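Subject: Handover of a structure, with notes

Dear colleague,

Please find below the structure that I am passing on to you. My notes on it follow directly after.

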Amino acid sequence: MSTLLTQTEASILTWHNVAAPNDPARRLAAELAFTIAAFEKLRGTLVFEDEPASFEAALQATKETAP
Amino acid sequence: MSGLADLSMIEAADAVRAGNATSVELLEAVWARMEAVNPVLNATIWTDKEDALKSARAADAAVRNKAPLGVLHGVPMMHKDMYYQAGKLSTCGSALRRNWRPTITATVIERLAAAGAYTFGGLNMAEFAQNPTGHNKTFGDCHNPWNPPYITGGSSSGSGASVAARFNYMALGSDTGGSIRLPASANGVSGIKPTQTRVSRYGVMPLSFTHDNVGPLCRSARDCARVMTVIAGHDPRDPTSAREPVPDYEAALTGDIRGLRIGVPTNVFFDGADAQVIAAIDQVLEVLKARGAIVTRLTLPMMDAVAAYGGIVSRVEAATIHAEWMRTDSQAYGVHISGRMYPGYAIPAPYYVEALSRRGPVLKAFAADVFAKVDVLITPSIPTCLPTLAETDIDHGPPGTETKFMAVSANTRPFNYLGLPAISIPCGFDPNFCPIGLQIAGRPFAEARIMQVADAYQRDTDFHSRRPPVLKD
């Protein structure tokens with residue numbers, strides 16, 4: 001069992017009192033390594049915005065204006 | 001009678017309005033069809049003919065009395081079993097809600113009823129709308145009308161199968177990662193995921209607060225347009241719903257796409273695509289070019305961010321919603337449901353907040369780049385030939401089945417994080433005679449535009465009007 005999976009199972013149990021319900025749950029939890037890698041890849045690529053970063057405002061700003 | 005079941009939703013509504021058919025006759029026709037084919041498909045969870053007959057008779061009386069008629073007057077329909085109707089069963093596809101009856105009614109159900117439609121049952125679905133295949137541990141898997149061992153797509157499995165098998169004129173689905181577009185693709189019907197915030201979610205079972213969408217699955221883009229005109233628009237009971245005006249979507253279906261700029265992604269959306277799917281999309285482009293559209297190949301920006309951020313938001317939100325049941329009754333879920341929710345509890349809050357806070361900037365950057373060059377994007381809805389239920393059965397399959405399972409929704413998920421509208425319509429068949437779906441996506445609130453493109457394509461092709469082999473009459 002990987003260190004990440006061991007830590008993840010312990011963390012979920014501690015913080016949420018949820019136990020791994022089955023083997024696919026453990027396999028998918030181990031795949032969180034890919035999530036960590038994906039977030040690492042993004043570091044430095046997006047800068048902090050001072051303006052409000054509202055998603056609804058972005059929908060309005062980029063919307064279709066003429067059918 | 002079976003002729004009436006074969007009508008499109010708009011044809012059925014027009015027939016009642018013109019006095020060429022009664023609502024009772026429509027109901028009897030789809031009911032007979034359902035009894036004939038549903039034992040193979042398993043597309044329903046519950047039905048209520050007695051209540052539906054009351055509604056049908058009332059609708060027919062309104063016609064006789066020359067009362068004002070809505071645009072869906074007298075049309076019977078069933079929806080994914082997660083649209084609440086006060087006092088009626090709403091299982092959400094799960095043993096945990098097998099006997100649950102809500103006390104409220106969804107706004108979209110009320111809007112459809114105001115337009116004259118009524119329901120006669122609840123449709124099979126992935127448990128709590130959480131899979132892209134149509135597996136269901138509690139109520140049984142839903143089967144594809146074109147080839148029953150193959151997946152229907154999910155999570156709106158019964159919505160796609162019932163419309164394709166012509167015992168339902170229209171079905172609402174919900175789409176958090178592709179759950180309208182995937183069953184539309186797999187069953188050879190038309191289904192639209194609107195812009196995030198376009199349609200009220202009040203009274204609809206939540207899966208992901210930020211990614212859930214309500215939309216129709218129909219026989220054609222024109223049917224979708226009529227439904228969208230009825231259900232879209234702000235709802236005070238859903239403060240997240242947009243105040244954007246609702247156009248007459250049907251009026252936008254002119255068939256004129258001259259000068260329309262179509263973008264075909266060179267990255268992500270054709271990764272691992274099967275040759276038959278690529279060929280079908282190439283044929284689509286020829287049809288649209290013949291109507292005057294201009295095709296451009298382009299690399300989409302921000303896709304790493306879309307994948308990383310979009311990949312965690314719904315997992316965290318679903319895990320949060322289901323936390324109490326996951327603590328106390330996790331074995332009541334299908335293995336693939338609880339198994340996929342479980343890692344959601346380990347994703348750190350800063351990751352989740354980062355994903356949410358970047359959603360606006362990522363959309364802005366994506367739109368500024370892409371929609372300066374093209375008006376719509378075209379991709380396969382599912383990049384591969386359709387897999388079987390057995391090949392994607394995590395509950396009983398070997399390790400690694402998860403990969404095949406998740407690949408089904410690879411092309412639909414990005415538009416949920418971006419919040420963009422996207423429609424799936426049929427555009428061919430794979431070697432197993434399962435439908436291939438074409439996905440058309442556009443800017444925020446460009447529902448009219450993408451349905452216009454879909455309708456233009458359907459004017460020149462007949463994939464949307466072909467009958468699946470399960471219909472033997």
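In these notes, a cavity is a set of grid points where a 1.4 Å probe fits but cannot get out, and its volume is the space filled by probe spheres set on those points. Please bear in mind that this is a predicted model.

Cavities

On that definition, the structure holds four cavities of 30 Å³ or more. The largest cavity has a volume of about 70 Å³. It is lined by 15 residues, of which B:Trp46, B:Lys80, B:Asp81, B:Tyr83 and B:Gln85 are the closest to its centre. Two elements of chain B, strand S2 (76-80) and strand S3 (118-123), each give two or more residues to this lining. S3(B) gives the most, with three residues. In terms of residue class, the lining of the largest cavity comprises six nonpolar, six polar and three charged residues.

The second largest cavity has a volume of about 50 Å³. Its lining consists of B:Ser185, B:Val277, B:Ile382, B:Thr384, B:Cys385, B:Leu386, B:Asp430, B:Pro435, B:Ile436 and B:Gly437. Strand S11 (residues 435-442) of chain B gives the most to this lining, with three residues. By class, six of the residues lining the second largest cavity are nonpolar, three are polar and one is charged.

Interface of chain B and chain A

At the interface, 48 residues of chain B are in contact with 40 residues of chain A. The two chains, B and A, bury about 3,900 Å² between them, and 65% of this area is on carbon and sulfur atoms.

Which interactions did the rules find across the interface of chain B and chain A? There are four salt bridges and twelve residue pairs in polar contact, with both residues at pLDDT 80 or more. A salt bridge joins the side chains of B:Glu244 and A:Lys63, with an N to O distance of 3.1 Å.

On the side of chain B that touches chain A, the elements giving two or more residues are helix H10 (303-321), helix H11 (323-328), helix H12 (335-341), helix H13 (349-357), helix H14 (359-370) and helix H16 (413-418) of chain B. H14(B) gives the most to this side, with seven residues. The residues of chain B on this side divide into 25 nonpolar, eleven polar and twelve charged.

Salt bridges over the structure

Over all chains, the structure holds 25 salt bridges. One of them pairs B:Arg33 with B:Asp6, whose closest N and O atoms are 3.4 Å apart. B:Arg33 lies in helix H3 (residues 23-41) of chain B, and B:Asp6 in the loop between helix H1 (2-5) and helix H2 (9-18) of chain B, so this pair ties together parts that are 27 residues apart in sequence.

Backbone geometry

Two places in the backbone of chain B may be of interest when you examine the model. Most residues other than glycine have a negative phi, and most peptide bonds are trans. B:Lys66, however, is not a glycine and has a positive phi of about 55°; B:Lys66 is placed in the loop between helix H4 (49-64) and S2 of chain B. B:Gly154 and B:Ser155 are joined by a cis peptide bond, with omega about 15°. B:Ser155 is found in the loop between S3 and helix H6 (157-164) of chain B.

With kind regards

How values were computed:
Residues are numbered from 1 along each chain as its sequence is written. Chains are lettered from A and ligands numbered from 1 in the order in which they are written. Side-chain values use heavy atoms; hydrogens and water are left out. Contact means heavy atoms within 4.5 Å. Buried area is the accessible area (1.4 Å probe) that two parts lose on being put together, summed over both. A polar contact is a pair of N or O atoms within 3.5 Å; within protein, one must be able to donate a hydrogen and the other to accept it, and residues adjacent in sequence count only if both atoms are side-chain atoms. Helices (H or I, at least four residues) and strands (E, at least two) are DSSP runs, numbered from the N terminus. Ala, Val, Leu, Ile, Met, Phe, Trp, Tyr, Cys and Pro count as nonpolar, Asp, Glu, Lys and Arg as charged, and the others, Gly among them, as polar. On a 1 Å grid over the protein atoms alone, a cavity is a set of points where a 1.4 Å probe fits but cannot get out, and a pocket is an open set with protein on both sides within 12 Å along at least five of seven lines; lining residues have an atom within 4 Å of a point.
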